[in-house]
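Open the model in your viewer and keep the selection panel at hand.

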Amino acid sequence: MPQETIQLVVTRFHPDHDPVPRFQTYTVPLHEDWVVLDALNYIKDTQDGTLSYRWSCRMGICGSCGMNVNGTPRLTCATFLREYAPGPIRVEPLANFPIIRDLVVDITDFMEKLPRVQPWLVRQDETPLTGGEYRQTPGEMERYHQFSLCINCMLCYAACPVYGLHPEFIGPAALALAHRYNLDSRDQGRAARQAEVYSEEGIWECTFVGQCSVVCPKKVDPAGAIQQEKVSAALDWLKSVVWPWGNR
Amino acid sequence: MAHASRSEPFWWSLFAAGGVVAAFLVPIHVLLEGIVGPLGGPTPAADYDRMHAWLASPFTRVYLFVLISLPLFHWAHRFRFTLADLGLSRFGAWLAVLCYGAAIVGTALAAWLLITAP
Ligand code: SF4
Ligand code: FES
(Lines give C-alpha, C1' and ligand atoms only; values in the text may rest on other atoms or scores of the structure.)
(Ligands and ions follow the chains in the order given, each with its own letter.)
Protein backbone atom coordinates (compact mmCIF):
# COMPACT_ATOMS: atom_id res chain seq x y z
CA MET A 1 0.00 0.00 0.00
CA PRO A 2 1.41 3.42 -0.87
CA GLN A 3 2.31 5.66 2.05
CA GLU A 4 -0.55 7.99 3.00
CA THR A 5 0.33 11.68 2.81
CA ILE A 6 -1.11 15.00 3.93
CA GLN A 7 -0.56 18.55 2.69
CA LEU A 8 0.67 21.39 4.86
CA VAL A 9 -0.01 24.93 3.68
CA VAL A 10 2.62 26.97 5.49
CA THR A 11 3.12 30.73 5.84
CA ARG A 12 6.39 31.92 4.29
CA PHE A 13 7.78 35.38 4.78
CA HIS A 14 11.25 36.71 4.22
CA PRO A 15 11.44 40.38 5.13
CA ASP A 16 14.05 41.05 2.43
CA HIS A 17 12.11 39.72 -0.58
CA ASP A 18 8.47 39.28 0.42
CA PRO A 19 6.34 42.42 0.58
CA VAL A 20 3.66 40.38 2.39
CA PRO A 21 3.50 36.83 3.77
CA ARG A 22 2.62 34.12 1.24
CA PHE A 23 1.74 30.44 1.47
CA GLN A 24 3.77 27.44 0.35
CA THR A 25 2.38 23.90 0.14
CA TYR A 26 4.36 20.83 1.21
CA THR A 27 3.38 17.16 1.15
CA VAL A 28 4.48 15.01 4.09
CA PRO A 29 3.86 11.41 5.18
CA LEU A 30 0.80 11.03 7.36
CA HIS A 31 2.11 8.96 10.25
CA GLU A 32 -0.28 8.03 13.02
CA ASP A 33 2.11 9.34 15.68
CA TRP A 34 3.34 12.50 13.96
CA VAL A 35 2.53 15.95 15.28
CA VAL A 36 2.57 19.13 13.19
CA LEU A 37 6.05 19.92 14.53
CA ASP A 38 7.32 16.53 13.25
CA ALA A 39 6.02 17.44 9.82
CA LEU A 40 7.78 20.84 9.93
CA ASN A 41 11.03 19.16 10.96
CA TYR A 42 10.58 16.66 8.13
CA ILE A 43 10.12 19.50 5.65
CA LYS A 44 13.17 21.33 6.97
CA ASP A 45 15.33 18.18 6.88
CA THR A 46 14.31 16.79 3.51
CA GLN A 47 12.55 19.43 1.39
CA ASP A 48 13.31 23.02 2.33
CA GLY A 49 16.03 23.97 4.77
CA THR A 50 15.02 27.63 4.64
CA LEU A 51 11.78 27.14 6.60
CA SER A 52 12.04 28.95 9.97
CA TYR A 53 10.08 28.23 13.15
CA ARG A 54 10.68 27.94 16.89
CA TRP A 55 10.68 24.83 19.00
CA SER A 56 12.72 23.18 21.71
CA CYS A 57 11.31 20.59 24.10
CA ARG A 58 8.85 18.64 21.91
CA MET A 59 6.84 17.87 25.04
CA GLY A 60 4.59 20.82 25.82
CA ILE A 61 6.87 22.40 28.40
CA CYS A 62 8.98 25.12 26.79
CA GLY A 63 6.08 26.95 25.16
CA SER A 64 8.01 27.97 22.06
CA CYS A 65 6.24 26.00 19.30
CA GLY A 66 2.89 27.84 19.29
CA MET A 67 1.38 28.45 15.85
CA ASN A 68 -2.05 28.96 14.36
CA VAL A 69 -3.12 25.56 13.02
CA ASN A 70 -6.18 25.85 10.79
CA GLY A 71 -6.82 29.20 12.44
CA THR A 72 -6.60 28.03 16.05
CA PRO A 73 -3.58 28.73 18.26
CA ARG A 74 -2.01 25.37 19.21
CA LEU A 75 1.24 23.91 20.50
CA THR A 76 2.45 22.19 17.32
CA CYS A 77 4.34 19.57 19.35
CA ALA A 78 1.01 18.47 20.84
CA THR A 79 -1.14 18.65 17.72
CA PHE A 80 -1.42 15.42 15.75
CA LEU A 81 -1.58 15.45 11.96
CA ARG A 82 -4.27 12.76 12.06
CA GLU A 83 -6.67 15.19 13.77
CA TYR A 84 -6.78 17.09 10.48
CA ALA A 85 -6.77 14.21 7.99
CA PRO A 86 -7.28 14.21 5.06
CA GLY A 87 -6.03 17.81 5.21
CA PRO A 88 -4.73 20.16 3.99
CA ILE A 89 -3.49 21.74 7.23
CA ARG A 90 -2.91 25.48 7.31
CA VAL A 91 0.07 26.38 9.53
CA GLU A 92 0.48 30.09 10.26
CA PRO A 93 2.43 32.15 12.78
CA LEU A 94 0.63 33.04 16.02
CA ALA A 95 -2.01 35.68 15.28
CA ASN A 96 -1.81 39.18 16.80
CA PHE A 97 2.02 39.28 16.76
CA PRO A 98 4.24 40.83 14.07
CA ILE A 99 5.99 38.24 11.87
CA ILE A 100 9.80 38.23 11.83
CA ARG A 101 10.19 35.42 9.34
CA ASP A 102 8.02 32.44 8.22
CA LEU A 103 6.47 31.06 11.43
CA VAL A 104 8.60 33.10 13.83
CA VAL A 105 6.86 36.03 15.53
CA ASP A 106 8.16 39.02 17.44
CA ILE A 107 7.29 38.56 21.13
CA THR A 108 8.87 41.81 22.37
CA ASP A 109 5.47 43.19 23.38
CA PHE A 110 4.76 40.26 25.71
CA MET A 111 8.29 40.31 27.14
CA GLU A 112 7.86 44.00 27.93
CA LYS A 113 4.45 43.50 29.59
CA LEU A 114 5.32 40.50 31.73
CA PRO A 115 7.65 42.25 34.23
CA ARG A 116 5.21 45.16 34.60
CA VAL A 117 2.90 42.96 36.72
CA GLN A 118 5.84 41.84 38.91
CA PRO A 119 5.27 38.08 38.53
CA TRP A 120 7.53 37.05 41.40
CA LEU A 121 7.29 36.94 45.19
CA VAL A 122 7.24 40.51 46.49
CA ARG A 123 8.06 40.85 50.19
CA GLN A 124 7.85 43.91 52.42
CA ASP A 125 9.81 42.21 55.16
CA GLU A 126 12.50 40.04 53.71
CA THR A 127 13.53 37.42 56.29
CA PRO A 128 17.25 36.61 56.30
CA LEU A 129 18.30 33.36 54.66
CA THR A 130 19.07 31.88 58.08
CA GLY A 131 15.35 32.21 58.86
CA GLY A 132 14.70 29.34 56.45
CA GLU A 133 12.18 29.14 53.63
CA TYR A 134 8.72 30.73 53.61
CA ARG A 135 6.48 27.83 54.49
CA GLN A 136 3.12 27.07 53.02
CA THR A 137 0.44 24.45 53.66
CA PRO A 138 -0.78 22.23 50.80
CA GLY A 139 -4.09 24.10 51.01
CA GLU A 140 -2.37 27.47 50.54
CA MET A 141 -0.48 26.06 47.58
CA GLU A 142 -3.69 24.69 46.07
CA ARG A 143 -5.17 28.20 45.86
CA TYR A 144 -2.77 29.37 43.15
CA HIS A 145 -1.43 26.10 41.75
CA GLN A 146 -3.54 26.10 38.59
CA PHE A 147 -2.42 29.64 37.69
CA SER A 148 1.23 28.70 38.16
CA LEU A 149 1.16 26.15 35.32
CA CYS A 150 1.58 28.77 32.57
CA ILE A 151 4.40 28.02 30.12
CA ASN A 152 4.32 31.48 28.45
CA CYS A 153 3.36 29.99 25.10
CA MET A 154 1.25 33.07 24.25
CA LEU A 155 -1.51 31.02 22.58
CA CYS A 156 -3.92 33.04 24.72
CA TYR A 157 -2.67 36.31 23.20
CA ALA A 158 -3.13 34.89 19.71
CA ALA A 159 -6.69 33.86 20.62
CA CYS A 160 -7.72 37.09 22.36
CA PRO A 161 -9.75 39.43 20.11
CA VAL A 162 -9.37 42.25 22.64
CA TYR A 163 -5.57 42.04 22.41
CA GLY A 164 -5.92 41.99 18.61
CA LEU A 165 -7.96 45.20 18.68
CA HIS A 166 -6.26 46.98 21.58
CA PRO A 167 -2.57 45.99 21.70
CA GLU A 168 -2.03 48.05 24.87
CA PHE A 169 -4.03 45.38 26.79
CA ILE A 170 -1.66 43.68 29.26
CA GLY A 171 -3.29 40.42 28.23
CA PRO A 172 -4.34 37.03 29.62
CA ALA A 173 -1.11 35.25 30.61
CA ALA A 174 0.50 38.25 32.33
CA LEU A 175 -2.68 39.02 34.29
CA ALA A 176 -3.13 35.36 35.23
CA LEU A 177 0.44 35.35 36.56
CA ALA A 178 -0.25 38.49 38.59
CA HIS A 179 -3.28 36.69 40.01
CA ARG A 180 -1.12 33.66 40.79
CA TYR A 181 1.19 35.78 42.97
CA ASN A 182 -1.67 37.74 44.52
CA LEU A 183 -3.08 34.41 45.71
CA ASP A 184 0.22 33.20 47.15
CA SER A 185 0.31 33.27 50.96
CA ARG A 186 4.04 34.13 50.87
CA ASP A 187 3.51 37.18 48.68
CA GLN A 188 2.95 40.77 49.87
CA GLY A 189 2.91 42.50 46.51
CA ARG A 190 -0.76 42.88 45.65
CA ALA A 191 -0.76 46.63 46.40
CA ALA A 192 2.40 47.11 44.34
CA ARG A 193 0.84 45.28 41.38
CA GLN A 194 -2.40 47.26 41.46
CA ALA A 195 -1.21 50.22 39.40
CA GLU A 196 -0.71 47.95 36.38
CA VAL A 197 -3.15 45.12 37.03
CA TYR A 198 -6.14 47.33 37.96
CA SER A 199 -5.45 49.92 35.26
CA GLU A 200 -7.53 50.51 32.13
CA GLU A 201 -4.99 48.47 30.13
CA GLY A 202 -5.16 45.74 32.79
CA ILE A 203 -8.14 43.70 33.89
CA TRP A 204 -10.72 46.33 32.86
CA GLU A 205 -9.82 46.00 29.20
CA CYS A 206 -11.00 42.35 29.28
CA THR A 207 -14.58 41.80 28.10
CA PHE A 208 -14.61 38.13 29.14
CA VAL A 209 -14.64 36.61 25.67
CA GLY A 210 -13.01 33.57 27.26
CA GLN A 211 -11.17 32.32 24.19
CA CYS A 212 -7.84 32.46 26.10
CA SER A 213 -9.05 29.75 28.45
CA VAL A 214 -10.34 27.65 25.55
CA VAL A 215 -6.96 27.51 23.77
CA CYS A 216 -4.70 27.32 26.85
CA PRO A 217 -2.83 23.99 26.65
CA LYS A 218 -2.17 23.98 30.41
CA LYS A 219 -5.75 24.67 31.61
CA VAL A 220 -4.56 27.82 33.37
CA ASP A 221 -7.92 29.56 32.79
CA PRO A 222 -6.62 33.12 32.43
CA ALA A 223 -10.17 34.38 31.82
CA GLY A 224 -11.21 33.06 35.23
CA ALA A 225 -8.15 34.66 36.84
CA ILE A 226 -9.02 38.04 35.36
CA GLN A 227 -12.66 37.87 36.53
CA GLN A 228 -11.49 36.93 40.04
CA GLU A 229 -9.18 39.96 40.03
CA LYS A 230 -12.11 42.14 38.94
CA VAL A 231 -14.09 40.97 41.96
CA SER A 232 -11.11 41.72 44.26
CA ALA A 233 -10.68 45.16 42.69
CA ALA A 234 -14.40 45.91 43.05
CA LEU A 235 -14.32 44.86 46.73
CA ASP A 236 -11.24 47.05 47.30
CA TRP A 237 -13.07 49.93 45.72
CA LEU A 238 -16.16 49.32 47.87
CA LYS A 239 -14.02 49.21 50.99
CA SER A 240 -12.35 52.47 50.05
CA VAL A 241 -15.78 54.10 49.72
CA VAL A 242 -17.41 52.88 52.95
CA TRP A 243 -14.16 52.95 54.94
CA PRO A 244 -12.00 55.64 53.30
CA TRP A 245 -9.71 56.04 56.32
CA GLY A 246 -8.95 52.30 56.56
CA ASN A 247 -5.62 51.25 55.10
CA ARG A 248 -5.98 49.82 51.63
CA MET B 1 2.94 55.08 34.46
CA ALA B 2 -0.31 53.17 34.65
CA HIS B 3 -2.59 53.65 37.63
CA ALA B 4 -5.44 51.69 39.13
CA SER B 5 -8.75 52.91 37.75
CA ARG B 6 -11.19 54.48 40.21
CA SER B 7 -14.22 54.48 37.91
CA GLU B 8 -14.03 51.03 36.29
CA PRO B 9 -14.65 49.03 39.52
CA PHE B 10 -17.81 51.09 40.08
CA TRP B 11 -19.26 50.55 36.60
CA TRP B 12 -18.15 46.94 36.56
CA SER B 13 -19.87 46.28 39.91
CA LEU B 14 -23.13 47.63 38.48
CA PHE B 15 -22.51 45.56 35.34
CA ALA B 16 -21.95 42.41 37.38
CA ALA B 17 -24.95 42.99 39.62
CA GLY B 18 -27.06 43.76 36.55
CA GLY B 19 -25.84 40.55 34.95
CA VAL B 20 -27.04 38.52 37.92
CA VAL B 21 -30.45 40.20 37.80
CA ALA B 22 -30.70 39.79 34.03
CA ALA B 23 -29.68 36.14 34.15
CA PHE B 24 -31.75 34.97 37.13
CA LEU B 25 -34.50 37.43 38.02
CA VAL B 26 -35.58 38.62 34.58
CA PRO B 27 -36.35 35.16 33.13
CA ILE B 28 -38.35 34.21 36.23
CA HIS B 29 -40.19 37.52 36.11
CA VAL B 30 -41.00 37.16 32.42
CA LEU B 31 -42.17 33.60 32.99
CA LEU B 32 -44.45 34.48 35.91
CA GLU B 33 -45.75 37.87 34.84
CA GLY B 34 -45.47 37.55 31.09
CA ILE B 35 -46.66 33.99 30.49
CA VAL B 36 -48.11 32.25 33.56
CA GLY B 37 -50.14 35.29 34.64
CA PRO B 38 -51.75 36.13 31.29
CA LEU B 39 -52.56 32.44 30.82
CA GLY B 40 -54.66 32.63 33.95
CA GLY B 41 -52.08 31.50 36.48
CA PRO B 42 -52.00 32.69 40.11
CA THR B 43 -49.66 35.69 39.62
CA PRO B 44 -50.48 39.40 39.86
CA ALA B 45 -50.42 39.84 36.10
CA ALA B 46 -53.62 37.81 35.82
CA ASP B 47 -55.66 41.01 35.69
CA TYR B 48 -55.37 44.74 36.11
CA ASP B 49 -56.83 44.96 39.61
CA ARG B 50 -54.46 42.41 41.05
CA MET B 51 -51.52 44.02 39.31
CA HIS B 52 -52.54 47.36 40.74
CA ALA B 53 -52.95 45.97 44.25
CA TRP B 54 -49.55 44.30 43.95
CA LEU B 55 -47.97 47.63 43.02
CA ALA B 56 -49.34 49.21 46.21
CA SER B 57 -46.66 47.56 48.30
CA PRO B 58 -43.38 49.49 48.62
CA PHE B 59 -41.54 46.17 48.39
CA THR B 60 -42.97 45.62 44.93
CA ARG B 61 -41.73 49.04 43.87
CA VAL B 62 -38.24 48.43 45.18
CA TYR B 63 -38.24 45.06 43.44
CA LEU B 64 -39.32 46.58 40.15
CA PHE B 65 -36.75 49.35 40.51
CA VAL B 66 -33.95 46.81 40.91
CA LEU B 67 -35.35 44.72 38.06
CA ILE B 68 -35.35 47.70 35.70
CA SER B 69 -32.29 49.67 36.77
CA LEU B 70 -29.50 47.13 37.21
CA PRO B 71 -29.95 45.42 33.81
CA LEU B 72 -29.79 48.89 32.23
CA PHE B 73 -26.29 49.30 33.66
CA HIS B 74 -25.45 45.79 32.51
CA TRP B 75 -26.49 46.79 29.01
CA ALA B 76 -24.65 50.11 29.18
CA HIS B 77 -21.32 48.54 30.11
CA ARG B 78 -21.57 45.79 27.52
CA PHE B 79 -22.71 48.18 24.80
CA ARG B 80 -19.88 50.62 25.59
CA PHE B 81 -17.30 47.87 25.03
CA THR B 82 -19.11 46.58 21.96
CA LEU B 83 -18.96 50.04 20.38
CA ALA B 84 -15.28 50.34 21.32
CA ASP B 85 -14.58 46.97 19.70
CA LEU B 86 -16.44 48.07 16.58
CA GLY B 87 -13.76 50.71 16.13
CA LEU B 88 -15.10 53.66 18.12
CA SER B 89 -12.58 53.40 20.95
CA ARG B 90 -11.14 56.84 20.14
CA PHE B 91 -14.44 58.27 21.42
CA GLY B 92 -13.90 56.40 24.71
CA ALA B 93 -15.12 59.10 27.08
CA TRP B 94 -18.11 59.93 24.91
CA LEU B 95 -19.13 56.29 24.69
CA ALA B 96 -19.09 56.09 28.48
CA VAL B 97 -21.17 59.26 28.81
CA LEU B 98 -23.63 58.04 26.18
CA CYS B 99 -24.08 54.50 27.54
CA TYR B 100 -24.01 55.10 31.28
CA GLY B 101 -25.94 58.34 30.71
CA ALA B 102 -28.73 56.36 29.05
CA ALA B 103 -28.78 53.92 31.95
CA ILE B 104 -28.90 56.78 34.46
CA VAL B 105 -31.77 58.45 32.58
CA GLY B 106 -33.61 55.11 32.45
CA THR B 107 -33.03 54.59 36.15
CA ALA B 108 -34.26 58.08 37.01
CA LEU B 109 -37.32 57.58 34.84
CA ALA B 110 -38.08 54.25 36.50
CA ALA B 111 -37.66 55.79 39.95
CA TRP B 112 -39.94 58.68 39.09
CA LEU B 113 -42.66 56.42 37.67
CA LEU B 114 -42.47 54.01 40.59
CA ILE B 115 -42.62 56.81 43.16
CA THR B 116 -45.45 58.72 41.50
CA ALA B 117 -47.57 55.77 40.33
CA PRO B 118 -50.86 55.74 42.26
S1 SF4 C 1 -2.06 31.14 30.08
FE2 SF4 C 1 -2.07 29.20 28.90
S3 SF4 C 1 -2.19 29.90 26.73
FE4 SF4 C 1 -1.56 31.67 27.94
S5 SF4 C 1 0.69 31.69 27.86
FE6 SF4 C 1 0.11 30.55 29.74
S7 SF4 C 1 0.01 28.39 29.13
FE8 SF4 C 1 0.01 29.61 27.22
S1 FES D 1 8.33 22.36 21.55
FE2 FES D 1 8.28 22.93 23.66
S3 FES D 1 6.12 23.25 23.97
FE4 FES D 1 6.19 22.50 21.95
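How many residues does the contact take from chain A and from chain B? Select both sides: the contact takes 19 residues from chain A and 17 residues from chain B. Bear in mind throughout that this is a predicted model.

**Stop 1: the interface**

Show the surface of the two chains. Chain A and chain B bury about 1,600 Å² between them, and carbon and sulfur atoms account for 62% of that area. Now pick A:W204, A:T207 and A:W237 in chain A. These three residues lose the most area to chain B, together making up 39% of what the chain A side buries.

Next, colour chain A by helix. Both α7 (190-197) and α9 (222-242) of chain A supply at least two residues each to the side that touches chain B. The most comes from α9(A), which gives six residues to that side. Coloured by residue class, the side of chain A that touches chain B shows eight nonpolar, five polar and six charged residues.

What joins the two chains in terms of charge and polar groups? A search for salt bridges across the interface of chain A and chain B finds zero. Polar contacts do occur there: seven residue pairs, both members at pLDDT 80 or more, are in polar contact between chain A and chain B.

**Stop 2: the second largest pocket**

Move on to the second largest pocket, which holds about 290 Å³ of space. Its lining has 15 residues. Select A:E200, A:E205, B:R80, B:F81 and B:A84, the lining residues closest to the pocket centre; residues of chain A and chain B are both in this set.

Which elements give two or more residues to this lining? They are α3 (58-88) and α4 (92-116) of chain B. Of the elements, α4(B) gives the most to the lining, with four residues. By class, the lining of the second largest pocket divides into six nonpolar, three polar and six charged residues.

**Stop 3: a salt bridge in chain A**

Over all chains the count comes to 16 salt bridges. For one of them, select A:R58 and A:D38 and display their side chains. The closest N and O atoms of this pair are 3.2 Å apart. Where do the two residues sit in the chain? A:R58 is in the loop between α1 (36-46) and β3 (66-69) of chain A, while A:D38 belongs to helix α1 of chain A. The pair is 20 residues apart and links distant parts of the chain.

Notes: Residues numbered from 1 in each chain as written. Chains lettered and ligands numbered in written order. Predicted model: local features only at pLDDT ≥ 70, side-chain atom pairs only at ≥ 80, totals over all residues. Heavy atoms only, no water. Contact = heavy atoms within 4.5 Å. Buried area = accessible area lost by both parts, 1.4 Å probe. Salt bridge = Lys/Arg side-chain N within 4 Å of Asp/Glu carboxyl O. Polar contact = N/O pair within 3.5 Å; in protein donor to acceptor, adjacent residues only side chain to side chain. Nonpolar A, V, L, I, M, F, W, Y, C, P; charged D, E, K, R; others polar. 1 Å grid on protein atoms, 1.4 Å probe; cavity = no way out; pocket = protein on both sides within 12 Å on 5 of 7 lines; lining within 4 Å. Points joined across faces, edges and corners; volume = space filled by probe spheres on them.
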